[in-house]
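The tour goes from the interface to the rings and then to the charged pairs.

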Amino acid sequence: MNKFGFAIKTPRSENMDKVSLERYHMLLDREPSFKRCFQCGCCSATCSARQFTDFSIRRVHTSFRRGEYEGLDEQLKQCMLCGKCTLVCPRGVNLRSLIINMRQILDETKQ
Amino acid sequence: MKKVAIIGAGPAGIEAASVLARQGVQVTLFEKSESPLKNIQDKAFLFPNFQAAQEVADDLSGKLLTDGITTILGVDITDLKWQGTEWKLIDSKEQTYVADAVLVATGYQVFDAHRKEELGYGIYKGVITSLDMEQMIKHGKILNANGDEPKRVTFLQCVGSRDEKSGNNYCSKICCVTAVKQAIEVRKQIPACEASVFYMDLRMWGQGFEEMYRTAQEKYGVSFVRGRISEAAATFDSRIQLKSEDTLMGLPLKMTTDLLVLMVGMEASCGTKALGKACDISGDYGFIRTVSPHLYDNDTGKPGLFAAGSCKRPMSVWDTVNDARAAALAIKEYVDSLPQ
Ligand SMILES: Cc1cc2nc3c(=O)[nH]c(=O)nc-3n(C[C@H](O)[C@H](O)[C@H](O)COP(=O)(O)OP(=O)(O)OC[C@H]3O[C@@H](n4cnc5c(N)ncnc54)[C@H](O)[C@@H]3O)c2cc1C
Ligand code: SF4
Ligand code: SF4
Ligand code: SF4
C-alpha cells in the first residue's frame, strides 16, 4: 500500500471551537506553575526517557494544553519520574508534579 | 557655579557630561576603570549599521575634551549621602567630593556564564560567550578550541536572561540582534563556516533589526532553530556536542559544533547595585528604579539624584545616548531651580 502512497487518514487539525479544555483547567488548578511554560523544549531535550524512546514530554504537555488527550496516558507511562526536566526548566515549571497530575486527571476522567 | 557629579564614563556618562558642559554647567566625571568606555572598546561592530565600535568610542572620547568637564579615572564611588542641600560622594579610598546634583550612569555587566554549569563555560574551551566572540571578530581571529578555523559556529540565545534558574526573568533586549550581527560576521570572515542560532523568540524590536535577520537568512545562509539548548559536552576532539529540542519539528536534536557562543544577558553592574542600595533607589534585579518610565524616567525621586543609561535596564548605545541627553536636560532644569 505504502508503495503507492495510498492511505486512509483521519483528518488532523485542531478545532479550537470544539475542543474541551476542562481537564486542562483542572491541571492548571493543581499545578499552576504550568501557566508559565513558554515552549522552549528544554524539558524534552534533556529527558532521560527521550534518549531511548520517541516520548516527548513537551509534546505531551502541549497536547494537554490544546485539549488533545488521546493516547497521552499511554505515552506518559514512558516517563520514569526522574525529575531531570524540572531541574532544567527556565520558567520554573514543576514538571514532575505536572506529570503526576496529568496522569491522575486522565485516570479520574476516563470515559 | 553649580556643580554636577556624574558617576560612570560609559556612553551615558560622557554624553550627559558633554551636554551639560556645553550648557555652562561644571561637571566632574568619575570612572572606576583606568580608561573610559570599556563596554564599547570591547566590541567589534555595533548593530544595526555595523559601525566600528572604535569609531563610536573615539567620537565619544572626543566629547570628554569639552570645556568644563573634569574626568577623574580610577575612582570607584561606593556611597552617596544627601547632606540637606548637596550630595556627598564617597569613594573606595574614603575620599569625599561634593556636588549639587548627581547622575548615576554606572551601567551594566554581562551575566557570568559559569553560573550555567550545564552549558560548560569555563569547562570546555569550545564554549565561549558573546563577549569573547566580539573579541574574536574584532581581531579577525575566530578560532576553535584547537586554534583552527571553525567549520560550524552555534549561537544560543537567552543565557542568563528569561531564566528563573539564574534569577533573571527579564529579557536583555540586545542579545537577539547581537547573535544575528555576530552570525553575519562569522559568515563574512569565514565563508565556509556554518552558523546557526538557537532561539525561543527572535526579538527584532529596533529599526533595521528585522532587515538584518532577513539578510542573515538570504545573503549569509544563517540557519535558525527554535529550541533552547539544555546541555553541552565536549567530544574527544574538543568539539562541542549539544542537546536541544527542535520545537517546531517536535523532535530531539543533537549537533556537534566547533564553537558554542552563549549570548549572555545584561545585568546591573556592581557599581549600579551598590549605589542603588546605598541611596535606596534599587529596583528590579538591582537596576536603578526611576519615578515613572513614561514621564520621569531620569528622576530617582531623591532631590538632585538622576539616572541614565543601562544602569536602569538593558539598552542599546543609541537608547543610552538619547536617555543621557534627556537626563542632562532634567539636571540642567534642576540646578537652574536652585537658589544662586
Ligand atoms: C555582547 C554585547 C554586545 C553589544 N553590542 C551592541 C551593539 O552592537 N550596538 C549597541 O547599540 N549596543 C550594544 N551593546 C550594548 C552597549 O554595550 C550598551 O548599550 C552601552 O555600553 C551602555 O552604556 P552605559 O553608559 O549605560 O553603561 P556602560 O557602558 O556599562 O558604562 C558604565 C561605566 O560606569 C563605570 N562605573 C560603574 N560603577 C562605577 C562606580 N561605582 N564608580 C565609578 N565608575 C563606575 C563603569 O566602569 C563603566 O565605564 C552590546 C552589549 C553586549 C553585552
Ligand atoms: S521526569 Fe519523566 S519527563 Fe522528566 S526527564 Fe525524567 S523521564 Fe523525562
Ligand atoms: S522546559 Fe519548562 S518552559 Fe520549557 S517547554 Fe518544558 S515546561 Fe515549558
Ligand atoms: S534579546 Fe533575545 S536573546 Fe536576549 S534575552 Fe531577549 S529574547 Fe533572549
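How many salt bridges are there between chain A and chain B? The count is three. A salt bridge here is a side-chain nitrogen of Lys or Arg within 4 Å of a carboxyl oxygen of Asp or Glu.

Before you click further, two notes. This is a predicted model, in which local features need pLDDT of at least 70 and side-chain atom pairs count only at pLDDT 80 or more, while totals for chains, interfaces and linings use all residues. Residues are numbered from 1 along each chain as its sequence is written, chains are lettered from A and ligands numbered from 1 in the order in which they are written, and side-chain values use heavy atoms, with hydrogens and water left out.

**Stop 1: the interface**

Select both chains and show contacts, meaning heavy atoms within 4.5 Å. On chain A, 22 residues touch 19 residues of chain B. Together the two chains bury about 1,500 Å², and 43% of that is on carbon and sulfur atoms. Buried area is the accessible area (1.4 Å probe) that two parts lose on being put together, summed over both. Now pick A:Phe38, A:Ala45 and A:Pro90. In chain A these lose the most area to chain B, together 29% of what that side buries.

Next, select A:Lys84 and B:Glu231. Their side chains meet in a salt bridge, 3.5 Å from N to O. Colour helices H2 (42-46), H3 (57-65) and H5 (84-88) of chain A; these elements give two or more residues to the side that touches chain B. Helices (H or I, at least four residues) and strands (E, at least two) are DSSP runs, numbered from the N terminus.

Then go to A:Arg36 and B:Glu164. This salt bridge spans 3.9 Å, N to O. It crosses between chains, from the loop between S12 and H5 of chain B to the loop between helix H1 (22-30) and H2 of chain A. B:Glu164 is partly exposed at 33% relative accessibility, and A:Arg36 is partly exposed at 34%. The classes are buried under 20% relative accessible area, exposed over 50% and partly exposed in between (1.4 Å probe, protein chains only).

**Stop 2: the rings**

The whole structure holds 13 aromatic pairs over all chains. Rings of Phe, Tyr and Trp (its six-membered ring) pair if their centres lie within 6.5 Å; planes under 30 degrees apart count as stacked, over 60 as edge-to-face and the rest as tilted.

Select B:Phe47 and B:Trp318. Their centres are 5.9 Å apart and their planes stand at 85 degrees, so the pair is edge-to-face. The two residues are 271 apart in the chain, with B:Trp318 in helix H8 (residues 317-337) of chain B. B:Phe47 is buried at 12%, whereas B:Trp318 is partly exposed at 30%.

Move to B:Tyr170 and B:Phe287. This aromatic pair is edge-to-face, 5.6 Å centre to centre with 80 degrees between the planes. Both residues are buried.

**Stop 3: charged pairs within chain B**

There are 26 salt bridges over all chains. Select B:Lys312 and B:Asp323, where the closest N and O atoms are 3.0 Å apart. B:Lys312 sits in the loop between S20 and H8 of chain B, and B:Asp323 in helix H8. Buried or exposed? Both B:Lys312 and B:Asp323 are buried.
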